[in-house]
Amino acid sequence: MSLVDLATTRKPWIVRHRLLLLGVLAAVLFPFVIAIVVDGAPISAVWENADGNAKFLQGLAIEVVVLALYAMSYDLVLGVSGLLSFGHAMFFAVGAYSLGILLKSAGLGLVPSLLIVMGIAVLVALLFAVVLPRVKGIGFALVTLGLASVTGIIISSSEFKDYTGADVGLQGVPSPDWLNPTDQRFRFYLVSMGVLVLVYLLYQRLVDSPTGKVLVAVRDNEDRALMLGYSTFWYKTFALIVASMTAALAGSLHTLYQPIVTPEVAGLGFTVAALLMILIGGVGTVSGAIVGAAVFRLTEFYLDRWFEGLSNLLIGAGYILLVLFLPYGIVGTWRTRSNRIGEGRSRLARLLSGSKGE
Amino acid sequence: MSDVLIRTEGLRKEFGALVAVDDVSVSIERGTLHSIIGPNGAGKTTFFNLVSGTIKPTAGRVYLDGDDVTNIPVHRTIHHGIGRSFQITNLFPSLTVLENVRLAAQATGSDGFRWWRSHARFTDYVSRAEEVLTQVGLVERAFDIASNLPHGDQRKLELAMILAPDPEVLMLDEPTAGMAAEQVPELIALIRDVQTSGDKTVVLVEHNMGVVMNTSDRITVMAQGAVLAEGTPDEISANEEVKVAYLGSLYEDLG
Ligand SMILES: Nc1ncnc2c1ncn2[C@@H]1O[C@H](COP(=O)(O)OP(=O)(O)O)[C@@H](O)[C@H]1O
Ligand SMILES: [Mg+2]
């Protein structure tokens, strides 16, 4: 077998995506199983959106989807392309607030609003890109943190209270009847899952494409990528645009689902949340973002329920152990079936110090 | 008939008070193997950086085939047909050997932004990578991670990466640096072969005087940033000034 054959022959699509297909199947069956087993209700309770555990857990799953989209977009920026951004929450916040304002104050329909939000997301990404050639590594982290902080200040400012709700938060965003998060919970759940699957497949494609390979090269040794003839600026800009659109989509879903959107979504804490999720799942793995979001949201929710005041302490300790002993994350470790701790730690250190290559 | 491909004119580079390259005007003819020699710190690597666009000169110009390429951005260099290797190994350390070379091949095509198709569908780049890896004798290690290769193989990979896009000019900065002595002739023979069979122009920095004298068509001797002498290997080995300033004992070793 020639090298070309070895390097380019793939298993069939269905085999490569068997876990995804199983996941989709499980996600569709999940509300029915909960309805029957836990709630003791007939299966019609699911599409009739009757109150109960099935409905509640679908809500939690929707929150996981929102976080998964958001974390995946951060993984494209940090994990795949090696861009250390501390302002990622801005992408989410701009999406969340823009959609809310367009629906509520401008009174536009959902589809035109979403299209405008995507346009705004591109502009925000370009704002980040303008900074790219001027500051590298930790400098980029600080400038992006600054941009996100300014966004947070604008959102919380009383000047724009009529539009943003200032520090109280944005409330009363009308959702279309066909996608009402309460009355049409099951439909909302299926739509969110569908969006996640589509975005995930798109990301898989992107990361495996010539473009994705260049992004990884940029992460590994940007100077060499330049010398090879790649205009790395445009590749990084491309990654930022895709990530910004994805995070804005996550923010939009968040606004549609939550009764209230607060300025915290622009804060450093929310960027750190994205970082934690990809650390859990595995930095640079893409699918790790989904696993990470699920673990993140569920541990947060259940530890809070079981341990109340102690939960933050436990979560913090958990993360420290994770970074120390599972530096490739859940998916990263699973893929290689090995856990080279020292190597993984130095890889993380390299990414998070913003210095690329050797 | 002389056919100048690369010409520098009064090239100068200052690092603070230090003049690393001082008024260097050289002409390199198409299809020749042109060596640049000189003691450490003579400014050879800086000269390479200036010609390949990695850094910008304080003064002076670089012409390629008559076109002024002094201020082209570094990522355009290869598109002007200049491939350049590094004295200090400069790879994608966490990627496979194959991916290092495949990326080098992909860079000259126009598929970089085809983000919706798998890279595996662009088999041209993979076969080019295979071709070059076979040439340098690394094909068995195609799926190894670059940083896990022994030093000598990393040098071969470095060479493979500049061969992959098939540039007209190969600028090789100490390609054999740190290689085991018995591997050196093999690599030099390969370079010579690529040069003559592909009618390429090679600019070579090399410390092994035996290699330089035997393979070069022309030699430029640099010292303290400036050109000390230029000529054929015979002229250079006969040059008293060069002997005194640089060749000295090395020259006697040659016998
Ligand atoms: N980026 C730099 N900053 C400051 N000094 C430099 C830099 N690069 C090279 N030099 C200095 O310029 C001189 C020439 O170096 P170099 O071109 O590497 O020489 P060579 O390759 O001939 O050994 C040396 O004195 C070196 O210390
Ligand atoms: Mg040097």
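Helix α1(B) gives the largest share of the shell around ligand 1, with 3 residues. The structure is a predicted model, scored at ipTM 0.90 and pTM 0.92.

**Shell around ligand 1**
- The residues that surround ligand 1 are B:F15, B:L18, B:A20, B:P39, B:N40, B:G41, B:A42, B:G43, B:K44, B:T45 and B:T46.
- Sorted by class, this shell contains 5 nonpolar, 5 polar and 1 charged residues.

**Backbone contacts to ligand 1**
- A polar backbone atom of B:K44 is 2.8 Å from an oxygen atom of ligand 1.
- For B:G43, a backbone N or O atom is 3.0 Å from an oxygen atom of the ligand.
- At B:A42, the distance from a polar backbone atom to an oxygen atom of ligand 1 is 3.2 Å.
- Ligand 1 exposes 560 Å² when taken alone, and the protein buries 60% of that area.
- Two elements of chain B, β2 (18-24) and α1 (44-51), each give two or more residues to the shell around ligand 1.

**Confidence in chain B**
- Chain B has a mean pLDDT of 90, with 95% of its residues at 70 or more.
- Within chain B, helix α2 (residues 97-106) has the highest confidence, at a mean of 97.
- The lowest confidence in chain B is in helix α8 (residues 240-254), where the mean is 63.
- In residues 251-255 of chain B, the pLDDT is below 50.
- That stretch, residues 251-255 of chain B, has 5 contacts in the model beyond near neighbours in sequence.

**Salt bridges**
- Over all chains, the structure contains 24 salt bridges.
- One of them joins A:D208 and A:R10, whose closest N and O atoms are 2.8 Å apart.

Terms used: Residues are numbered from 1 along each chain as its sequence is written. Chains are lettered from A and ligands numbered from 1 in the order in which they are written. This is a predicted model: local features need pLDDT of at least 70, side-chain atom pairs count only at pLDDT 80 or more; totals for chains, interfaces and linings use all residues. Side-chain values use heavy atoms; hydrogens and water are left out. A residue is near a molecule or strand if one of its heavy atoms lies within 4 Å of it. A polar contact is a pair of N or O atoms within 3.5 Å; within protein, one must be able to donate a hydrogen and the other to accept it, and residues adjacent in sequence count only if both atoms are side-chain atoms. Accessible areas come from the Shrake-Rupley method with a 1.4 Å probe; for residues, only the protein chains shown count as cover. Helices (H or I, at least four residues) and strands (E, at least two) are DSSP runs, numbered from the N terminus. Ala, Val, Leu, Ile, Met, Phe, Trp, Tyr, Cys and Pro count as nonpolar, Asp, Glu, Lys and Arg as charged, and the others, Gly among them, as polar. pLDDT is the predictor's confidence in each residue, from 0 to 100. Contact means heavy atoms within 4.5 Å. A salt bridge is a side-chain nitrogen of Lys or Arg within 4 Å of a carboxyl oxygen of Asp or Glu.
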